[in-house]
Amino acid sequence: MSFPTKEQLYAQFSQADDAVYFASADKQHIYFGFGVSAEINTGDAGAIKEWMAQQDQPVFGGLPFDEQPQASPIMAGYFFAPCVVYEVTAGAIFGTPITTWPQIKQQGQATITKQVDDIKWPERIKNVIKTMQTDTNKQKVVLGRQRQLKLTSTVDQVQLLIDLNTQQPNSYHFVLKHGGEIFVSATPERLVKVDGQAFATAGVAGTTRRSINADEDEQLAMALLHDDKNLLEHAYVVNTIKERLAGLVALTVPNAPSIMKNPQVQHLYTPITGHLNTNTNILDLVTQLHPTPALGGKPLAWAMATIKDIELEPRGLFAAPIGVVLPNGDGEFIVGIRAMLIKQQTAQLFAGAGILADSDAAQEFAETGLKMTPMMNLLKG
Ligand SMILES: C=C(O[C@H]1C=CC=C(C(=O)O)[C@@H]1O)C(=O)O
């Protein structure tokens, strides 16, 4: 049996009711999964862990950001074992292979007819900043906003997969299709990777824009590397990861962040690696780490309550752990940022920014706009 071509995988993805595409940032691991052989609809990590232990196929899905109720079947927490999984880089097939592949159907690009933004977001953020200025125990909260779009037609999913690869080549890609909805993320951020006893996570927090001028781009990166607000925002993440993993993993952490460049933004970045001290289930590591202060805040209970209070809608899989787990327990979870949820002719985009006492609300609003650009560009073609 020959391995399918990219065109066949893309065509199958666009025509399947249930499908997943996962690619690691370095594209060393690329999976396509089709059909459902087993599934679980829950946000309960314990139940998911038990369910995963019974699967002999790679499983894919995500846990919701928090416990707020969700109407959407994907956003409420969903994992599935596809009937067949194609691991592209290794040329491996798990499950029952597809024998008849569809042709690509030319659909044409949808265009955006209506855009609704949460324009009162900066006002609400200003109030949070004031609270943080008067109470220094409230150190950081990552606050998100959403953008609702109406489209002229449904999205051409073949084109979406092509554009994801050409427009965001260095990000993780995660596209989950289930129950008439598609969740798309082109995230730069790994939450946890387990490969035997080897462990990896990362601190990604602190952001500035890119410039098409190479000298200016470098100046922006240098300014970010020396900016007190962004360094503090980043340090909260790295220190919290270290605290939460103490005892579980022997960690190697660089002394200072470096720069991670994506097409629209550049971030402070600290890759963190380690060795698992015991045989720890990847889901336990996920629940231990999620949400890091790159998505939640510090102190955590206050940050979670503020997120619930300030954001207009529950996050669902936005900023949440999404990923793949193999039958031997290895796997990788990423955080579902630079993301959108597509349903028929609508798309809901998500982006957030780390708010500190010396944040500027207008600047954070602009940053969230930049972070929505990858998804906007996918929809614009
Ligand atoms: C919450 C988001 O970004 C997080 C990840 C990297 C940098 C961030 C920042 O600088 O604010 C955020 O913590 C998002 O992209 O929606």
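In strand β6, Val84 is the bridge partner of Phe34, and this contact belongs to an antiparallel pairing of β2 with β6 (residues 84-87) that runs over 4 bridges. The model is predicted, so that local features need pLDDT of at least 70 and side-chain atom pairs count only at pLDDT 80 or more, while totals for chains, interfaces and linings use all residues. Residues are numbered from 1 along each chain as its sequence is written.

Strands are DSSP runs of E with at least two residues, and helices are runs of H or I with at least four, both numbered from the N terminus; two strands pair if DSSP finds at least two bridges between them.

| Strand pair | Sense | Bridges | Bridge partners |
|---|---|---|---|
| β1 (residues 19-23) and β2 | antiparallel | 5 bridges | Ala19 and Phe34 |
| β2 and β6 (residues 84-87) | antiparallel | 4 bridges | Phe34 and Val84 |

The hairpin of β1 and β2 has 6 residues between the strands, and Lys27 takes a positive phi near 60° there. Because 4 of the 5 residues of β2 (residues 30-34) are buried (20 or more other C-beta atoms within 10 Å of their own, with C-beta atoms placed from the backbone), the strand is largely enclosed by the rest of the structure.

The unreviewed UniProt entry places the feature "domain: Chorismate-utilising enzyme C-terminal" at residues 120-371, an annotation that may be inferred rather than shown by experiment. Over residues 120-371 the chain is 34% helix and 35% strand, with the end C-alpha atoms 18 Å apart.

Note on methods. A residue is buried if 20 or more other C-beta atoms lie within 10 Å of its own, exposed if 12 or fewer, and partly exposed in between; C-beta atoms are placed from the backbone.
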